[in-house]
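I opened a new structure today and kept notes as I went. Here is what I looked up.

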Amino acid sequence: MSLTFSVLADRPDLVEPMWDMPTSWPEFMRHDPIGGLFYSQVETRFADCVVVAQDEAGEVVGVAYSVPFSLGGDDLPLNGWGFVIRNGLLTNLNGGTPDTMSAVEIAVRPDRQGTGLSGQMLAAMRDNAARLGFATLVAPVRPNGKKDVDEPMATYAFRTREDGLPVDPWLRVHVRAGGRIEQVAPRSMVVPGTVEEWREWTGLPFDRTGPVLVPGALAPVQCDLDHGVATYVEPNVWVVHRTGLGGGPSQQAGI
């Protein structure tokens, strides 16, 4: 499959087909409040950090979203995905200079999954980070091959096959691309909602207090029926990629 990769800042005409591209994300993941902070700013603040893939017919088949943020030599945070979005937006709003690029999402059209496109999107994202002057691309990876929600991510993330590669397919793509699994981000994403909202998002009854197993979730959703709320805390896995640059970010990286 021949693909064309473009940065959204150079192709504003792709904004509408980018948003219209179907994805396979579970519905409840579309209601993370922190995610709304990023995606509402993509076109105005982070268009240079979005890579869009088109097939031979010009159809959008993949999108890779990233955000520059300020790590400042600190350790990778426990609240991975949410941290990089909040930090990246505040750095941008305050006129700061980011020093690290983080992946936010790689989405592939469902009918193109399993074709190797996700690995190509990852490579394009890393190349774009280098183009913007960043030596490091980090990723709070969502290991969507994890089916046992009761298994701690700290165990699953480091399980390997006989060939030494991760058992998780998405982590395996990152490691094959040169990424290094660093640590777990145990509260990477938090999705709060009322019991009624969770019923709407999942089609499940949410009729008892305690852990609820939700298809597509990496950990149980905790339901408090007495108070009418339920909360999902998703663990992710930090993976670190080097882009090939030796120095820090250029001034261009501030967007």
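Strands first. I found that strand β7 (residues 210–212) pairs with β8 in the antiparallel sense over 3 bridges. Two strands pair if DSSP finds at least two bridges between them. Strands are DSSP runs of E with at least two residues, helices are runs of H or I with at least four, and both are numbered from the N terminus.

A note on the source: this is a predicted model, where local features need pLDDT of at least 70 and side-chain atom pairs count only at pLDDT 80 or more, while totals for chains, interfaces and linings use all residues. Residues are numbered from 1 along each chain as its sequence is written, and side-chain values use heavy atoms, with hydrogens and water left out.

Back to β8. I looked up the bridge partner of glycine 210 and got cysteine 223 in β8. Which residues make up the covered face of strand β8? I noted Val221 and Cys223; Gln222 and Asp224 form the uncovered face.

Next, the core. The largest nonpolar core has 76 residues, and Leu8, Trp198, Phe206 and Tyr232 touch the most other members. Strand β3 (residues 60–69) gives the most to this core, with 7 residues. Such a core is a set of buried Ala, Val, Leu, Ile, Met, Phe, Trp, Tyr and Cys residues joined through side-chain atoms within 4.5 Å. Buried means under 20% relative accessible area, exposed over 50%, and partly exposed in between (1.4 Å probe, protein chains only).

Then aromatic pairs. I searched the whole structure and got 11. The rings of tryptophan 19 and tyrosine 65 are stacked, because their centres are 6.2 Å apart and their planes at 20 degrees. Rings of Phe, Tyr and Trp (its six-membered ring) pair if their centres lie within 6.5 Å; planes under 30 degrees apart count as stacked, over 60 as edge-to-face and the rest as tilted. Tryptophan 19 lies in helix α1 (residues 15–20) and tyrosine 65 in strand β3, so the pair ties together parts 46 residues apart in sequence. Is tyrosine 65 buried or exposed? I have it as buried, at 4% relative accessible area. Tryptophan 19 is partly exposed at 36%. Last entry: Trp19, Phe38, Tyr39, Phe46 and Tyr65 form one aromatic cluster.
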